[in-house]
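Welcome! Please take a look at it before reading on.

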Amino acid sequence: MNEQQTLWQFMSMESDKLLSQTVQHIGLTFISLLFAIAIGLPLGILIARRRKLSGIILGIAGVLQTVPSIALLGFMIPILGIGAKPAIVALLIYALLPIIRNTYTGIIGIDKHIIEAAKAMGMSKSQILFKVEIPLAMPVLLAGIRTATVINVGVATLASYIAAGGLGEFIFGGISLNNTNMILAGAIPAALLAILLDGLLALTQKLDFKKLKKVLIFSSVFLIILTAFYVLPSAYGSGLKAGFTPEFMGRQDGDLGLKSAYGLKIKTVVISDAVMYKAAFSKELDVISGYSTDGRLKAFGLKILKDDKGIFPPYYAAPIVNQASLNKFPELEDVLNLLAGKITDSVMTDLNYRTDYLHQTPEKVAIDFLVKVGLYKSPKGGAGETIKIGSKIFGEQYILAEIYSMLIKGNTNYKVETKTGLGGTKICFDALVNNQIDFYPEYTGTGLLAILKPDNKIVSQISHNKDETYKYVSDEFNKKYKIKWLKPIGFNNSYALMMRQKQSSEIDVNTITDLKNYLDKN
Amino acid sequence: MIELKNVSKKYGEAVAVNQVSFDVKEKENLVLLGTSGCGKTTTLKMINRLINPDEGEIIINGQNIINQNTEILRKGIGYVMQNIGLFPHYTVEENIAIVPELLKWDKKKIQDRVYELTEKLHLPANSLKLFPNELSGGQQQRVGLARALVSDPAVLLMDEPFGALDNVTRTSIRKEFKDLEELKRKTMVMVTHDVEEAFELADRICLMDKGQIMQIGTPKELLFNPANDFAKKFLDGQRLALEFKIVTIEDIWEKLSNRSSINKGLSADISVWDAMEKLRNNQAAELQFSNNTQEYKSASFDELIKAFNQYKNFTKHE
């Protein structure tokens, strides 16, 4: 009951967003459906005329249908960029198969004597098509459109990955923020929409031919109006455009903070981080919410805007070690501290760039780095006990795990086992607490917000200052979990707003406050 | 009116229609008769070019139709088919009005014509707003015929028009059709595999086998002067019944005895079969007939059979 209420509260609180997302969702669904009908119907008619083509065309449409939706959206980006266009094309492709197939089946299923009678009465080919074939195929054809509509309502949730909006913004935002109400606020309307549209189309299927004619005329007008819903809002405004991840949109140390602390007003789309950097590079977006040490920062020539009001909590990386392991491996702490302060933001960005963009292996990147800073020693090949290193499932953590592994092998007689790719924070941390691993690199911000989760008062007190944050997590971890934070490695992988370097210097925007002032002026 | 000259149609190696030639006079009803696969339907469908002939000429009203626009050609030819082929999404009224709509007649004229035909074809007036699937088979066939007749085409093609009906409905509708004024002024080509139907409706019969014409002639010619073994054997099973049905009182007039005492009687146009049926049904000893020269004759059952036998022997030796 309590859950119900808070969901209701969430929905009424976010009713503006909910409404605009629903409208976008309907718009996306129908505009793509309209195009799918415009393409699928003639194709279906064509293959009903030339049956030899039916195998090929149905085959191609079938193959397209089986491409996973995320992958399809991915393929679209290099060709069509981000936003509505690729989303509509992807949805259109999904809607195509049922429409083509049902048009074809509907037409070839017509009693051939009826067609012969039509011919014998002197009807032309187009008269036969419009007066006989399409009306008689209509029930089957509508069933196809019905299937396509329901598919589209579902797939349209994924459109939020590429900044096309829709109810997916809440759904995926809710998933990354572990906010059930937010997920439901997107999922329930999407499900209702599917049921409603399916029901409406089911009704039209039951009508007889007379009424159907009227309904069809009415619904095509309706369709065009719905389509306009989507086209109109996306047509407004110029100026700078921001793309934020669904997670960033819902966080206090994200979009909400930008609004409350800086009063930043910028046209914003929601987009998956997988395509965000590329979109900024290709000028589809001007401002994005990235991670400050991401390799793509360097690859795409992006620049971080200084967080001059300190709304993004510090995410300084440091190895965290189980106290029991420190006792067991006395040399461990000193070895790990060799790296303390050695990797700055720009160095980490460069290392990430090598793996993410140049596709070098983490081992190679680790060796090259250690050789460069003079810490590399060839492995002693010791026969001591085994240290288990953990890492989360992304490039930066792989590199750090490799570096630590080499440092331990070069400086001690311990053996090393790396357990990379341990999923998210929770899995890594649980493994550490349960002695499955001895240490892994963690970030102060994550320790504070994802593991300790103190109340907002403490967060706002300490999260402006990196040293206070470090001290707080370090004390609390020791107290609560008997886990020790060693010295920070040096870089801060926090949230950051970034722009293209070129644009930033052109409009002379270097901090978030600069950005706000620039936006207010223009 | 309709003339076919050496018309052939092949499907790959198989010859469906082989060098068929015949002509149909104005207002004549030519029946194409034969077993399934003899090429009769293919021949019919070439006349409105639902099937295009490979060879030969088809001339309607002096015009070779092979190069004519098919849509214009077909609008001028009525077509009735076994499967009726009514549009399930059109009401009866709309179904009948298809061709006039295509010809862009004005609304009033279309409506009047539709009402006229429904009356003539004994379709209930309330059936006009119904859909075809709400009618009985016999009614559907009437609608099919109305649809073919609506623009009053000079030529009517019928492909097994009664084929989808049960025997009882079939016999009664056939009788009705035979007496229909609208049909009497049409030049008709009709396809059937039913010998009785062919003999009842045809002015001339074109008997076909394996894509070729075996014999063309009046029903009497086919019965009494078969051109070949095939023609003879084809009718053998029903020969006696057909003969009784085809020979009229007029034919055997000379063989019947005079009755000067009477001054009214049945028309001599009726068949011997019908006369015998009347004798049986009325349980009368004699029937009186009058011919168009105001002569009067009468006959009992036995006298009818005797006269018929004499006529038959005479015809055969002719």
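## Salt bridges

Across all chains, a search of the whole structure turns up 39 salt bridges. Please keep in mind that this is a predicted model.

Lys259(A) pairs with Asp255(A) in a salt bridge whose closest N and O atoms are 2.8 Å apart. Both residues belong to helix H12 (residues 252–262) of chain A, where they sit four residues apart, about one turn of the helix. Lys259(A) is partly exposed, with a relative accessible area of 47%, whereas Asp255(A) counts as buried at 4%.

## Bridges between separate parts

Another salt bridge joins the side chains of Asp286(A) and Arg500(A), at 3.0 Å from N to O. This pair links distant parts of the chain, 214 residues apart: Asp286(A) is in the loop between helix H13 (273–281) and strand E3 (287–291) of chain A, and Arg500(A) is in strand E10 of chain A. Asp286(A) is buried at 10% relative accessibility, and Arg500(A) is buried with a relative accessible area of 10%.

In chain B, the side chains of Arg170(B) and Glu197(B) meet in a salt bridge of 3.6 Å, N to O. Arg170(B) is in helix H7 (residues 167–179) of chain B and Glu197(B) in helix H9 (residues 195–201) of chain B, so their pairing ties together parts 27 residues apart in sequence. Arg170(B) counts as buried at 10% relative accessibility, and Glu197(B) counts as buried at 1%. Through shared partners, salt bridges also connect Arg113(B), Glu116(B), Lys120(B), Asp152(B), Glu182(B), Arg185(B) and Lys186(B) into one network.

## Aromatic rings

How many aromatic pairs does the structure hold over all chains? There are 22 of them. In one, the ring centres of Phe312(A) and Tyr495(A) are 6.3 Å apart and the planes lie at 55 degrees, so the pair is tilted. The two residues are 183 residues apart: Phe312(A) is in the loop between strand E4 (302–305) and strand E5 (317–322) of chain A, while Tyr495(A) is in strand E10 (residues 495–500) of chain A. Phe312(A) counts as buried at 7% relative accessibility, and Tyr495(A) is buried at 5%.

The charged end of Lys109(B) sits over the ring of Trp105(B), 4.1 Å from its centre. Arg280(B) lies over the face of Phe301(B), 4.7 Å from the ring centre.

## Chain A, inside and out

The secondary structure of chain A comes to 25 helices and ten strands, and its C-alpha trace spans about 100 × 55 × 55 Å along the principal axes. Of its 522 residues, 52% count as buried. Helix H8 (residues 168–177) of chain A is mostly covered, with seven of its ten residues buried; among them are Phe170(A), Ile171(A) and Phe172(A).

Ile195(A) lies in helix H9 (residues 180–206) of chain A and is exposed, with a relative accessible area of 58%. Pro330(A), in the loop between helix H15 (323–328) and helix H16 (332–337) of chain A, counts as exposed at 59% relative accessibility.

## The domains of chain B

Chain B is divided into domain 1 (2–238) and domain 2 (247–317). Taken over C-alpha atoms, the centres of domain 1 and domain 2 of chain B are separated by 34 Å.

How values were computed:
Residues are numbered from 1 along each chain as its sequence is written. Chains are lettered from A and ligands numbered from 1 in the order in which they are written. This is a predicted model: local features need pLDDT of at least 70, side-chain atom pairs count only at pLDDT 80 or more; totals for chains, interfaces and linings use all residues. Side-chain values use heavy atoms; hydrogens and water are left out. Rings of Phe, Tyr and Trp (its six-membered ring) pair if their centres lie within 6.5 Å; planes under 30 degrees apart count as stacked, over 60 as edge-to-face and the rest as tilted. Buried means under 20% relative accessible area, exposed over 50%, partly exposed in between (1.4 Å probe, protein chains only). A charge sits over a ring if NZ of Lys or CZ of Arg is within 6 Å of the ring centre and within 35 degrees of the ring normal. Domain bounds come from an automatic or database domain assignment. A salt bridge is a side-chain nitrogen of Lys or Arg within 4 Å of a carboxyl oxygen of Asp or Glu.
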